[in-house]
Amino acid sequence: GLSSSLAIEGAKYGIRVNTIAPNAGTAMTATIMPAEIVEMLKPEYVAPLVGYLAHESTPHTGKLFQVGSCWVSEIRRQRSGGVAFPLSSPLTPEVIAPRWKDINNFDDGRAHHVANTRQSMMEMLDSASSADSAQDQDEKVDLAGAYANKSEQQPFDYTKRDVALYALGIGASRRDLPLVYENSDNFQAFPTFAVIPSFSTRTDLTEFIPAFNPMMLLHGEQFVQIHRPIPPEGRLQCTTQIVDIQDKGKGLTATGRLTMADQNGNVVAVSESTSFIRGLGGFSKKPGFAAVKGPERAAAATAANVIPKRSPDAVCSQKTSEEQAAIYRLSGDYNPLHIDPEMSKMGGFKTPILHGLCTFGYAARHVVKLAARNDPAKLKNIKARFSAPVLPGESLETSVWADKNNSHRVLFQVRVVERDVIAISNAAAEFAEPVTITANPKL
């Protein structure tokens, strides 16, 4: 355990840590063992492994080896299949006792090696979800109830300070005065500010689907449609509704819609968020299931958005701040996963990660600069799929492709430069005017 922890901590400094369990003789054992055994236990049969592990060409770290008598092997821990108890019921010693033999069973074909902490955590969460699903198998996904339910209007009040803070949270700077300076002649709310009221006006999914562990929920996609400019301050009247639930086998996707209107009842913006919930899949295969058509959705909200197989028409890159998540969370997303190292480790991440919606905001700013001459008012809608997490301090590279079938639309993706992974994929944005691609915009 100590060497594994040291290996993890030392990795970022190029330090490798391995452990050996040697089998060698000493001066004392030489006096009481047969000569042939003493010969087999010579330290000379252990030292070469130490030399190999210490050499700079050895890539291994965090390993445990047994060595001696001209024999070397790697040792690893094994975990039984275990028993998953429902999260919705109290766990007591009396509940564990009758399952003790199952907990210790290494012969039922489920015993396996766990390679790292992330795998361990994911297996535990999946098991917990499966246990709850088994207990709640009589609970059904109520599509008809979900689609028919619409919340009452809920007010969302905000100020110019909130608008400026959000802009700073998505990477705007003092060079973007219309977004961050309240006395600017053109001060405005950046369009993706429309995602923020959702943190004050949530819909309770558990009214229509079985209860689930929040750790099993992943933010999959985000769509924002702008009907009219979001006022730089004031009150929005918000209503929420579930507009889509899909069975994905191992889980389900649920899409919630937030509709924002001004004081005159005019729709200002619509924000749709799609989440994937592991462990709740398979409901469409159960007896008695009946498909129900959901509310109408904009074509842009359901588009596949396949990136063209050609070089992008324009690219821009911006390095995020190591404090970006700490800033962005002040706009309303207080999930501790993005600020508390202990909570992020529980979620399977070594360090707190950037909010997906923060990356979404960065991408929207980049796309507006690349395709609309940095005029946010031209943005009509934007959709993105979250493919990988981003760490605060990493650089985000946004690439755009003009849509040859729609002069008002671009496709885009976001890459984490340092790790060469795609953070946002299958994304597109549509504008009120034909797109004008700008190369190398100033950020």
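The side chains of Glu 397 and Arg 415 meet in a salt bridge, with 2.9 Å from N to O, the term denoting a side-chain nitrogen of Lys or Arg within 4 Å of a carboxyl oxygen of Asp or Glu. Glu 397 lies in strand E11 (residues 395–402) and Arg 415 in strand E12 (residues 409–416), so the pair ties together parts that are 18 residues apart in sequence; helices (H or I, at least four residues) and strands (E, at least two) are DSSP runs numbered from the N terminus. Glu 397 and Arg 415 are both buried, where buried means under 20% relative accessible area, exposed over 50%, and partly exposed in between (1.4 Å probe, protein chains only). The model is predicted, with local features requiring pLDDT of at least 70 and side-chain atom pairs counted only at pLDDT 80 or more, whereas totals for chains, interfaces and linings use all residues. Residues are numbered from 1 along each chain as its sequence is written, and side-chain values use heavy atoms, with hydrogens and water left out.

In total, the structure holds 16 salt bridges. Among them is the pair formed by the side chains of Arg 385 and Glu 221, at 2.9 Å from N to O. Since Arg 385 belongs to strand E10 (residues 379–386) and Glu 221 to strand E5, this pair ties together parts that are 164 residues apart in sequence. Arg 385 counts as partly exposed because its relative accessibility is 32%, whereas Glu 221, at 16%, counts as buried. A further salt bridge is made by the side chains of Glu 296 and Lys 293, at 3.6 Å from N to O. Glu 296 counts as exposed because its relative accessibility is 59%, and Lys 293 likewise counts as exposed, at 67%.

Aromatic contacts were assigned to rings of Phe, Tyr and Trp (its six-membered ring) with centres within 6.5 Å, planes under 30 degrees apart counting as stacked, over 60 as edge-to-face and the rest as tilted. By this rule the count comes to seven aromatic pairs. One of these, between Tyr 166 and Phe 193, is edge-to-face, with 5.6 Å centre to centre and 75° between the planes. The pair links distant parts of the chain, 27 residues apart, with Tyr 166 in helix H8 (residues 160–169) and Phe 193 in the loop between helix H9 (177–180) and strand E5 (217–226). Separately, Arg 365 lies over the face of Tyr 362, at 5.9 Å from the ring centre, the criterion being NZ of Lys or CZ of Arg within 6 Å of the ring centre and within 35 degrees of the ring normal.

Ile 422 is found in strand E13 (residues 421–431) and is partly exposed, with a relative accessible area of 29%. Leaving aside neighbours within four places in sequence, Ile 422 is in contact (heavy atoms within 4.5 Å) with Ser 387, Ala 388, Gln 413, Val 414 and Arg 415. The C-alpha atoms of Ile 422 and Arg 161, which are 261 residues apart along the chain, are separated by 32 Å.

For "domain: MaoC-like", an unreviewed UniProt entry lists residues 308–425; UniProt positions follow the numbering used here, feature names are shortened, and annotations may be inferred rather than shown by experiment. The end C-alpha atoms of residues 308–425 lie 12 Å apart, and the span is 23% helix and 30% strand.
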